[in-house]
Structure formats: C-alpha cells, structure tokens
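Subject: Structure handover

Hello,

I am passing on the structure we talked about. Please open it below, and read on for what was found in it.

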Amino acid sequence: MTELKKMNKEFENNNVRGPINSWFFYTISGYMDVLWGKSKKELFQDHSGTVVEIGPGAGANMRYLKRGTKLIAIEPNIHMHKNLRKTAKKYGIHLYIKSITGETIDLPDSSVDFVMSTLVLCTVDNPLQCVNQIKRILKPTGQFVFIEHVKARENSILGFIQNLIHKPWHWFFEGCHTNRDTASLLESAGFSSIVMDKYNHYSPFIPIIPQIRGRAVK
Ligand SMILES: C[S@@+](CC[C@H](N)C(=O)[O-])C[C@H]1O[C@@H](n2cnc3c(N)ncnc32)[C@H](O)[C@@H]1O
C-alpha cells in the first residue's frame with residue numbers, strides 16, 4: 001500500500017447499492033443531458049485528445065467528447081465499469097479505467113491537459129486531497145472543469161431540505177453529501193485562476209440545488 005493510499009479510506013464497493021447506482025446513472029444519463037447538456041457542451045468543448053475524468057460513473061459525459069478521445073477514468077466503484085465500457089463503445093471513446101480513488105491518482109505530476117468531473121466532489125471521501133491530486137497531475141496551463149451541487153445558504157428552505165434528507169441520501173448514493181461547501185473548497189484550493197458560476201437549477205432533485213459550474217487553471 002502506498003503512502004498516499006494509507007492517508008485515505010479505501011473505497012468500499014457495495015454489492016447491492018453499487019449495481020443499483022450504476023443502473024440509475026446509466027438510465028438517467030439522457031435526463032442529465034436535459035439538465036446539464038448546454039453547460040457541459042460549453043465546458044468540455046476545447047478538451048484535449050487525452051482527458052482524465054474523476055468519478056465518471058456510467059459515462060454520462062462521454063457524449064460531449066470527440067470520437068477517438070482517450071479517456072482515463074478514475075472510477076473506484078467497480079460496479080460502474082460495465083456501463084462505462086458500454087457507453088465508451090457507443091460514443092467511440094478509447095477508455096482506460098483505473099479502479100482507484102481521486103485522492104490516490106497514480107498519474108505523473110504535470111502530465112495532463114484536461115481533467116473533468118461532474119457531481120463527484122460531493123461524494124469523494126477527502127475532497128481537498130482529491131483537488132490537490134487534480135492540481136498535481138495538471139500541466140502548468142492544464143484545466144480542470146467541473147459541475148457540482150453545493151451547500152445551500154444557511155437558514156434557507158433548500159438548506160433545511162438538504163440537512164433533512166442528508167442521511168438517507170448519503171447512504172443510498174454511496175457517500176454523497178447534499179450539503180458540502182465545495183464552492184469554498186475550490187476557491188481556496190490555490191488554482192492560478194478559477195471562473196465559477198453559482199446558480200439554482202430547479203429539477204425534481206431538490207437536494208442537489210444549488211450548483212456550481214466552472215473552469216480552473218493549475
Ligand atoms: C453522483 S456519481 C456521478 C457520476 C458521473 N460523474 C455523472 O455525472 O453522472 C459519483 C461518482 O463518483 C464516484 N466516486 C465516489 N467516490 C470517489 C472517489 N473517492 N474518487 C473518485 N470517484 C469517486 C462514484 O463511484 C460515482 O461514479
């Protein structure tokens with residue numbers, strides 16, 4: 001076990017919730033396109049030929065990548081892998097899966113042009129460690145693009161709903177925090193530049209309002 005792995009909890013694959021979540025994220029990928037397609041097209045449009053994605057799940061973001069893109073998928077949940085491969089085949093993506101966490105990425109320093117992640121920093125066990133790993137592997141001009149759901153304002157109705165639902169949501173979605181302050185984490189992570197929108201995008205998934213989307217440069 002490497003030093004880095006020792007610093008973080010290992011990802012626990014769950015044989016019941018894992019396959020259910022894999023099915024869920026595969027099945028709703030079309031609806032996620034309705035919710036976030038426009039933002040994702042803008043964020044991913046200038047991606048490089050090789051892309052690293054943290055927590056790609058069932059592959060909802062592959063439809064926005066150019067055919068022939070090499071995608072290095074950092075996906076510790078082995079139950080996602082079958083759907084990930086199926087989606088890669090559908091969109092002509094050259095997929096390389098690494099069953100490791102975003103906190104323990106084993107790619108070399110300053111080696112990657114483009115890292116993306118959507119709805120993942122809410123779930124990783126140690127988001128700061130994960131963001132530090134993303135920064136470490138990015139080339140000096142490399143970009144990290146993201147969409148995340150974040151903690152609502154204190155004493156707001158959305159905040160109340162997030163806190164109320166947190167426990168069962170966290171259990172069902174294998175570690176997702178409805179009320180994590182990912183916006184502050186990213187702002188103070190030490191990127192040389194970061195552009196971030198914070199917005200309320202209303203949908204039936206009320207606990208995951210508000211959201212942030214943006215682009216950070218190492
Ligand atoms: C809510 S799903 C989002 C999936 C996909 N990004 C999407 O937008 O549909 C969260 C994903 O993060 C993955 N994940 C959980 N913990 C992780 C970690 N420590 N490092 C990397 N990925 C992780 C999960 O296995 C899951 O695929």
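Glu174 is found in the loop between helix H6 and helix H7 (182-187). Please keep in mind that this is a predicted model. The phi angle of Glu174 is positive, about 50°, although Glu174 is not a glycine. Glu174 counts as buried because its relative accessible area is 15%, and buried means under 20%.

Asn155 also has a positive phi, about 60° in this case, and is not a glycine. Its place is the loop between strand S5 (138-149) and helix H6 (157-172). Is Asn155 buried or exposed? With a relative accessible area of 84%, Asn155 is exposed, since the cut-off for that is over 50%.

One more loop deserves a look. Pro210 sits between strand S6 (193-199) and strand S7 (211-217), and the peptide bond that leads from Ile209 to Pro210 is cis, with omega near 0°.

Next, the ligand. The space that the ligand takes is the largest pocket. There are 21 residues around the ligand, and those that come nearest are Gly55, Glu75, Gly102, Glu103 and Thr118. By type, the shell around the ligand holds twelve nonpolar, seven polar and two charged residues.

The protein covers 95% of the 590 Å² of accessible area that the ligand has on its own.

Two residues of helix H3 come next. Ser29 lies in this helix, which spans residues 29-44. Ser29 counts as buried because its relative accessibility is 16%, and its side chain makes a polar contact of 3.3 Å with the side chain of Arg63. Gly30 is in helix H3 as well, but Gly30 is partly exposed, at a relative accessible area of 34%. The C-alpha atoms of Gly30 and Ala60 are 8.1 Å from each other, while the two residues are 30 apart along the chain.

Finally, helix H5 (residues 127-137) is mostly covered, with eight of its eleven residues buried. The buried ones are Pro127, Gln129, Cys130, Val131, Gln133, Ile134, Lys135 and Ile137.

Regards

Methods. Residues are numbered from 1 along each chain as its sequence is written. This is a predicted model: local features need pLDDT of at least 70, side-chain atom pairs count only at pLDDT 80 or more; totals for chains, interfaces and linings use all residues. Side-chain values use heavy atoms; hydrogens and water are left out. A residue is near a molecule or strand if one of its heavy atoms lies within 4 Å of it. Accessible areas come from the Shrake-Rupley method with a 1.4 Å probe; for residues, only the protein chains shown count as cover. On a 1 Å grid over the protein atoms alone, a cavity is a set of points where a 1.4 Å probe fits but cannot get out, and a pocket is an open set with protein on both sides within 12 Å along at least five of seven lines; lining residues have an atom within 4 Å of a point. A molecule sits in a cavity or pocket if more than half of its atoms lie within 2 Å of its grid points. Ala, Val, Leu, Ile, Met, Phe, Trp, Tyr, Cys and Pro count as nonpolar, Asp, Glu, Lys and Arg as charged, and the others, Gly among them, as polar. Helices (H or I, at least four residues) and strands (E, at least two) are DSSP runs, numbered from the N terminus. Buried means under 20% relative accessible area, exposed over 50%, partly exposed in between (1.4 Å probe, protein chains only). A polar contact is a pair of N or O atoms within 3.5 Å; within protein, one must be able to donate a hydrogen and the other to accept it, and residues adjacent in sequence count only if both atoms are side-chain atoms.
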